[in-house]
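Good morning, and thank you for joining. Please take a moment with the sequence and the model before I go through them.

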Amino acid sequence: MNIFRGIIGGQPAGPQHTGVETIQKLCDRVASSTLLEDRRDAVRALKSLSKKYRMEVGSQAMDHLIRILQTDSADSEILGYALDTIYNIICSDEEDEQDESEDAVAPPVSGKARNVPEELQKQVDDVGAQFTERFIQDPENITLLLTLLEEFDFHVRWPAVKLLTALLKNQCAQVQGIILVSPMGVSRLMDLLADSREVIRNDGLLLLQQLTKSNAAIQKIVAFENAFERLLDIITEEGTSDGGIVVEDCLLLLLNLLKNNSSNQNFFKEGSYVQRMKPWFEVGDDNAGWSAQKVTNLHYMLQLVRVLVSPVNSPGATASCQKAMFQCGLLQQLCTILMATGVPADILTETINTVSEVIRGSQVNQDYFASVNAPSNPPRPAIVVLLMSMVNERQPFVLRCAVLYCFQCFLYKNQKGQGEIVATLLPSTIDANSISAGQLLCGGLFSADSLSNWCAAVALAHALQDNLTQKEQLLRVQLATSLGKPPVSLLQQCTNILSQGSKVQTRVGLLMLLCTWISNCPIAVTHFLHNQENVPFLTAQISENLGEDERLVQGLCALLLGICIYYNDNSLENCTKDKLKQLIEKRIGKENFVEKLGFITKHELYSRAGQKPQPIFSTPEHMLFDHEFTKLVKELEGVITKAVHKSSEEEKKEEEVKKTLEQHDSIVTQYKELIREQDAQINELKAQVASMTSQSEQMQSTLTQQLAQIQQHKDQYNILKLKLGKTGDQSASQGEGAHVNGLQSEELSQLREEMEELRRQHAQLQAQLADKDTLIHSLKSEAASPADAAAAGASDNSELLKELEALRAQVQSQSADITQLQTEKQELLRRSETAESGSGSVDGGAGAAKVAELETRLAAQSAETQKLQEERKSVSASRAALESELASATSTVAILQAEKSKLQQDVTESKKEQDDLLMLLADQDQKIHSLKQKLKDLGEPIDDEDDLDSKDQSEEDEDEEEEEEDDE
């Protein structure tokens, strides 16, 4: 233990040992000691020596420390010492560790590595990479670290996070591969974000930053572990842009997850996380005194928006994100920052770039941006204010590049915006009292600043990109050069400036503008060639042997002359294609012309400009090529070379072939249109056939329902007949016992009142039935009148008329059923009245006649049902004939369809009336039955008062006869 006291306590104990010997003894103690306290003290001593003797501790103690992690996992203190020691070995940071109360080691060594030369620092990094590779040779070591991350103890979890971060920094790809295949490896790391201790959570953010670098698979797993939700919550809790370094770490992690990862971008958009970004960009009126951290945070927030709408993403994903940003108000918020005062210059520049990509190619967003006005007096469009900054040479270079990019994105695939910009240059739309975009572009095009010339030329070229109409409109622009001189066209003024020999940047910009202007526009080519000085100037520029700086200008002149040949319509006799080719062959030489044309693509700045749409240049002198112009060069270089080498005979043959192909294309187009029309007609006929089929099916189902209703009515009729029979029997059997029981007069009067109430209800029901009958007759008359009109207008469609007659028969059948129900009701009323009047006996002959009549009606209903089935078959047979006559009978079908719907509505109403009548009859029958039951319970015969009076009279007559016999 003297060794430990000498190292930890700082007091000399016996002979002094060298650092290597001490480390060796400590390693032996760790390996051989059986007491946990001894191993813990030895590991703590190794930790204190690990910074000063990094190489020695790493080479001798690495295996022992790993074994400690495996075997002593139950003791959190020794695990923390071991993890800190491995971290010091692997990581080259010289940050001081926190003192650990009474277990504090000797004062740490001074940070010599902070000011070491670059070569020494590289050696230190190499040592860390070597120890990292040694640690990860066994993948189980990484798995062991992931397991230790589940420990909640601060002294274990925090060193484990730091160690894993250091391993990822030194050997990122290898450690990522191990974590990726480890079960629940990424999930354990995501749990760090939920730790309540901010130190562990913040270092967990740094760990996830290293983990997600350049690994799409891990990025997807982290995203689907709800990383977006957690990170956005942390950003909100920390104060969004006003937050500290933690917000910056969250934004960097979000950038890692979303950049060049279409799957995560789509998940971010579908999860409605774009809407949660809007509050980040809410700035107040007072924007003075922004802190450096706020500027950094807002810069990364803007970069995050740009990642979602970057031009390198797929067009569909970019368009959907642009739409979401407009709908949630994010674009409006960015435009507010754009027009705000007091915003730092670098934030303003990045905001301009962000707005540019949010509106690029999106018509809705471009239209909104065109409507934004700057808060000035009078208000000016934001586009005009930005162009004023672009052509102002006192503005920062990066800001001018950003404004140019914004203008290019505004005009990208926006023919409406292109027309509005060109219209500000036309004589009829120029307003002398206000500054327009066209005036600013012309002012920049002819200013003394070469950078303004180039930016204005490129901006105007984008107003003409792929828009033949605006190219022709721009030919109308006239410029007043000086007092007393006639105005010249914009095209002529550009060529005049070229011939004056201005700066290379200015000439390059003007040549790019002219090439874009006259390409694919024969009228513009004719106007350019009409000036007889233009062609000699171009040939002179191409044929001269100039220096390196002038090679690009020569190449662009060759491109411009080649465009004049390729898009020449031979309208000028002196400048036809053949004459221009002969001029090139005599003055320049075809091979020399092609060589000079190749100077453009061989320029070192050409390939750099073709990579991204955004103009990014280190210095103003490097601002020579535009991204869209590089596409035009790729498209025209080959065809111009072929056009120069072709002979007149070959061109004639090609023209003939083109004419033949055009004729063929026109014929093919005609046939395609004819096929489309026929397809439309076929689809229409199919729709009509389907409609008629559905109507036929509906008719069939209606017939089925009618049959079922008829059967139901039959059953109801049988039930009513049986009830009437039982009622007659009961009245006959109960007639004898009434006199014996002797009802009280009060009860009889009460029953009479109830019978009178029942009679009044019968009268009300009869009145309702009469009203319904009147309604049914009116419906029949209304249905008959349009039916006659339809029959008069469609005499050639007999099958349709048969179908209509079938529906009428159905209505008549329903009416017959209703009439039958009314008759049965009348019969019930008559029987009730007969019972009240005292006719105790039932006329057998009349009952038999009634039964015969009902059976006759049943037979008639059966015949009617058979007839309906036959008519249904005839309707089905006529459907084929109807399909062949659809084209000629469209109007008739419409009329009949309206008639059918009306008749079907009548049928539905009739069914409803039948149901109501049945319900009323059932209620009435139930009331009659209840009254009779009460009479029976009271012992009174069912016969009414008249029956009782007749019986009393007969008894009195018998008594009188007996008295007469006694007198005799």
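Predicted model: local features only at pLDDT ≥ 70, side-chain atom pairs only at ≥ 80, totals over all residues.

I begin with one cysteine: C442 is buried, at 10% relative accessibility. Here buried means under 20% relative accessible area, exposed means over 50%, and partly exposed is in between, with a 1.4 Å probe and protein chains only. C442 takes part in no disulfide, and the nearest cysteine sulfur, that of C494, is 8.3 Å away. For a disulfide, two cysteine sulfur atoms have to be within 2.5 Å.

Residues are numbered from 1 along each chain as its sequence is written, and side-chain values use heavy atoms, with hydrogens and water left out.

On confidence, pLDDT is the predictor's confidence in each residue, from 0 to 100. The protein chain averages a pLDDT of 80, and 74% of the residues score at least 70. Over residues 1-16 the pLDDT stays under 50, and the model has 19 contacts for them beyond four places in sequence. A contact means heavy atoms within 4.5 Å. Residues 735-744 also have a pLDDT below 50, with 16 contacts in the model beyond near neighbours in sequence.

Now to the overall architecture. The protein chain has 42 helices and four strands. These are DSSP runs numbered from the N terminus: H or I of at least four residues for helices, and E of at least two for strands. Of the 968 residues in the protein chain, 45% are buried. Among contacts between residues at least 6 apart in sequence, 74% join residues at least 24 apart.

I turn next to one helix pair. How do the axes of helix α11 and helix α12 cross, and at what angle? Helix α11 covers residues 198-211 and helix α12 covers residues 216-238; their axes come within 12 Å and cross at roughly 145°. The axes are lines fitted to C-alpha atoms, for helices over the stretch in contact, and the angles run from 0 to 180 degrees between N-to-C directions. The crossing is left-handed, a label that applies if the near helix is turned anticlockwise from the far one by less than a right angle; clockwise would be right-handed. On the α11 side the contact is made by R201, L205 and L211, and on the α12 side by I218, L231, I234, E237 and E238. These residues divide into five nonpolar, no polar and three charged. In this scheme Ala, Val, Leu, Ile, Met, Phe, Trp, Tyr, Cys and Pro count as nonpolar, Asp, Glu, Lys and Arg as charged, and the others, Gly among them, as polar.

V186 lies in helix α10, residues 185-190. With a relative accessible area of 5%, V186 is buried. Not counting residues up to four places away in sequence, V186 touches I179, I221 and V222. V186 and L208 are 22 residues apart in sequence, and their C-alpha atoms are 9.2 Å apart in space.

Two further helical residues deserve mention. Y300 sits in helix α15, residues 292-308, and, leaving aside its neighbours within four places in sequence, is in contact with E248, L251, L252 and L255. D367 sits in helix α19, residues 363-371, and counts as partly exposed at 29% relative accessibility. From D367 to F410 the C-alpha distance is 8.8 Å, across 43 residues in sequence.

Finally, the loops. S436, in the loop between α22 (415-423) and α23 (437-445), is buried, with a relative accessible area of 15%. Beyond its neighbours within four places in sequence, S436 is in contact with V384 and T424.

Most residues other than glycine have a negative phi. K413 has a positive phi near 55° and is not a glycine. K413 is in the loop between α21 (397-411) and α22, and is exposed at 63% relative accessible area. N520 likewise is not a glycine, and its phi is positive, about 60°. N520 lies in the loop between α27 (504-518) and α28 (522-530), and is exposed, with a relative accessible area of 51%.

That concludes my remarks; thank you.
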